[in-house]
Amino acid sequence: MREYKHVVQYYETDRMGITHHSNYIRWMEEARIDFLRQIGWDYAKLEEEGVTSPVVKVECNYKKSSTFSDEISIQVSVAEYKGIKLVLQYEMRNQCNEVICEASSAHCFMDKDNKIIRMAKQLPAFHEVLTGLVQKRNDT
């Protein structure tokens, strides 16, 4: 899976010149959207199928600061998936290949009536892709 790249913008920094912590969450969303597109299930496709995937939990472990114009690489992987909840893992590295943040986000899947759904039943093809990514991660 190709990593997502983000260049820190000036507006993302605070008066000390350090990236504000809230931006890492935004970068996770950018990387998640790119990840889903790479596996063939972008948000537009999921929404066309009547599925939404709200965030139910986010965790960030900040390891090192980033600053304006730093180039951040974000690797996304499936940490856990059992048909109802998806947990994605993010590793963010700067241009020196130093880990600056390790994070995760948890998502459920809902239908157009905002009811939680089981992906094996609702979207079996998407379920198979996610299950395959979990297998691949466990095999490495």
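The structure is a predicted model, in which local features need pLDDT of at least 70, side-chain atom pairs count only at pLDDT 80 or more, and totals for chains, interfaces and linings use all residues. Residues are numbered from 1 along each chain as its sequence is written, and side-chain values use heavy atoms, with hydrogens and water left out.

**Exercise 1. Determine which residues of the largest nonpolar core touch the most other members, and which elements give two or more residues to this core.**

Step 1. A nonpolar core is a set of buried Ala, Val, Leu, Ile, Met, Phe, Trp, Tyr and Cys residues joined through side-chain atoms within 4.5 Å. Buried means under 20% relative accessible area, exposed over 50%, and partly exposed in between (1.4 Å probe, protein chains only).

Step 2. The core holds 33 residues, and those that touch the most other members are Ile74, Val78, Met92, Phe109, Phe126 and Leu130.

Step 3. Two or more residues come from each of helix 1 (22–38), strand 3, strand 4 (85–93), strand 5 (99–108) and helix 4. Helices (H or I, at least four residues) and strands (E, at least two) are DSSP runs, numbered from the N terminus. Helix 1 supplies the largest share, six residues.

Step 4. In soluble globular proteins, nonpolar side chains tend to be buried together.

Step 5. For Ile74, neighbours within four places in sequence are set aside; the contacts are then Glu3, Tyr4, Trp27, Ala31, Tyr90, Glu91 and Met92. Contact means heavy atoms within 4.5 Å.

**Exercise 2. Classify the aromatic pair of Tyr81 and Phe109, and state which parts of the chain this pair ties together.**

Step 1. Rings of Phe, Tyr and Trp (its six-membered ring) pair if their centres lie within 6.5 Å; planes under 30 degrees apart count as stacked, over 60 as edge-to-face and the rest as tilted. The structure holds six such pairs.

Step 2. The ring centres of Tyr81 and Phe109 are 6.4 Å apart and the planes stand at 80 degrees, so this pair is edge-to-face.

Step 3. Tyr81 belongs to strand 3 and Phe109 to the loop between strand 5 and helix 3 (119–122), so the pair ties together parts that are 28 residues apart in sequence.

Step 4. Phe109 also forms an edge-to-face pair with Phe126, at 5.9 Å centre to centre and 90 degrees between the planes. Phe126 lies in helix 4, 17 residues apart from Phe109.

Step 5. Phe109 has 1% relative accessibility and therefore counts as buried; Phe126, with a relative accessible area of 1%, is buried. Ring pairs link Trp41, Tyr81, Phe109 and Phe126 into a cluster.
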